[in-house]
Amino acid sequence: MNKISFIGLGKLGLPLAALLAKDNQVLCIDKNEYVLNQLSESKLPFYETGLDLLLLETSKNIIGYTDSYKRVIEETDAAVILVNTQLGDDGYSAEFVKSAVRDLAINLKKSDKEYFTVILSS
């Protein structure tokens, strides 16, 4: 079973992370404390049809909910980044993407890993 980190637990990220947890072990990362607290208490931070059942079904394969990029590098071999890039109704910002990549790079540099896959989805 693969060990994958999923960065960004918003309306697109959390459902995709749960789907990946069907056949993989998934470490779920977000910087939003409210989201992490809700998920750690087995509550949804937002409503999405069927997501509650999907998370219940795949919970055994979810390694945890965290904001630790150190854990990403130590516990998994790949990371999927799917963070918010939309600013309001008509804008775009790559700041959350840059932040995620920077945090990964800092922790990867401190590790002795020779190989780590990063998948950027936007």
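Guide: Happy to. This is a predicted model, and its largest pocket has a volume of about 490 Å³.

Visitor: Which residues lie nearest the centre of the largest pocket?

Guide: Those are Gly8, Gly10, Leu82, Val83 and Asn84, out of 22 residues that line the largest pocket.

Visitor: And which helix gives the most to that lining?

Guide: Helix H5, residues 95–110, gives the most to the lining of the largest pocket, with 3 residues.

Visitor: How do the residues of that lining divide into nonpolar, polar and charged?

Guide: In the largest pocket, 10 of the lining residues are nonpolar, 9 are polar and 3 are charged.

Visitor: OK, next one. How much space lies in the second largest pocket?

Guide: The second largest pocket holds about 200 Å³ of space. Its lining is made by Leu39, Ser40, Ser42, Lys43, Leu44, Asp52, Leu55, Leu56, Ser59, Ile62 and Tyr65.

Visitor: Is Ser42 buried or exposed?

Guide: Ser42 is exposed, because its relative accessible area is 71%, and the cut-off for exposed is over 50%.

Visitor: Back to H3, then. How do the axes of H1 and H3 cross?

Guide: The axes of helix H1 (residues 13–20) and H3 come within 9 Å and cross at roughly 35 degrees. The crossing of H1 and H3 is left-handed.

Visitor: Which residues meet there in H1 and H3?

Guide: On the H1 side they are Leu14, Pro15, Ala18 and Leu19, and these meet Leu51, Leu54, Leu55 and Thr58 of H3. The residues of this contact of H1 with H3 divide into 7 nonpolar, 1 polar and no charged.

Visitor: Which residues of H1 are buried?

Guide: Gly13, Leu14, Pro15, Ala17 and Ala18 are the buried residues of H1.

Visitor: And what do the buried residues of H1 pack against?

Guide: They pack against strand S1 (2–7), strand S2 (24–29), H2 and H3.

Visitor: Changing topic to Lys31: which residues is it in contact with, leaving aside neighbours within four places in sequence?

Guide: Lys31, which is in the loop between S2 and H2, is in contact with Asp67, Tyr69, Ser99 and Asp103. The C-alpha atoms of Lys31 and Thr66 are separated by 8.0 Å, and the two residues are 35 residues apart along the chain.

Visitor: Last one, Ser93. Where does it lie, and what does it touch?

Guide: Ser93 lies in the loop between strand S6 (91–92) and H5. Not counting residues up to four places away in sequence, Ser93 touches Asn84, Thr85 and Leu87. Asn84 is also among the residues nearest the centre of the largest pocket.

Visitor: How far apart are the C-alpha atoms of Ser93 and Ile62?

Guide: They are separated by 29 Å, with Ser93 and Ile62 being 31 residues apart along the chain.

How values were computed
Residues numbered from 1 in each chain as written. Predicted model: local features only at pLDDT ≥ 70, side-chain atom pairs only at ≥ 80, totals over all residues. Heavy atoms only, no water. Buried < 20%, exposed > 50% of the residue type's maximum accessible area, 1.4 Å probe, protein only. 1 Å grid on protein atoms, 1.4 Å probe; cavity = no way out; pocket = protein on both sides within 12 Å on 5 of 7 lines; lining within 4 Å. Points joined across faces, edges and corners; volume = space filled by probe spheres on them. Helix = DSSP H or I, 4+ residues; strand = E, 2+ residues; numbered from the N terminus. Nonpolar A, V, L, I, M, F, W, Y, C, P; charged D, E, K, R; others polar. Axes fitted to C-alpha atoms, helices over the stretch in contact; angles between N-to-C directions. Left-handed = near helix turned anticlockwise from the far one by under 90°. Contact = heavy atoms within 4.5 Å.
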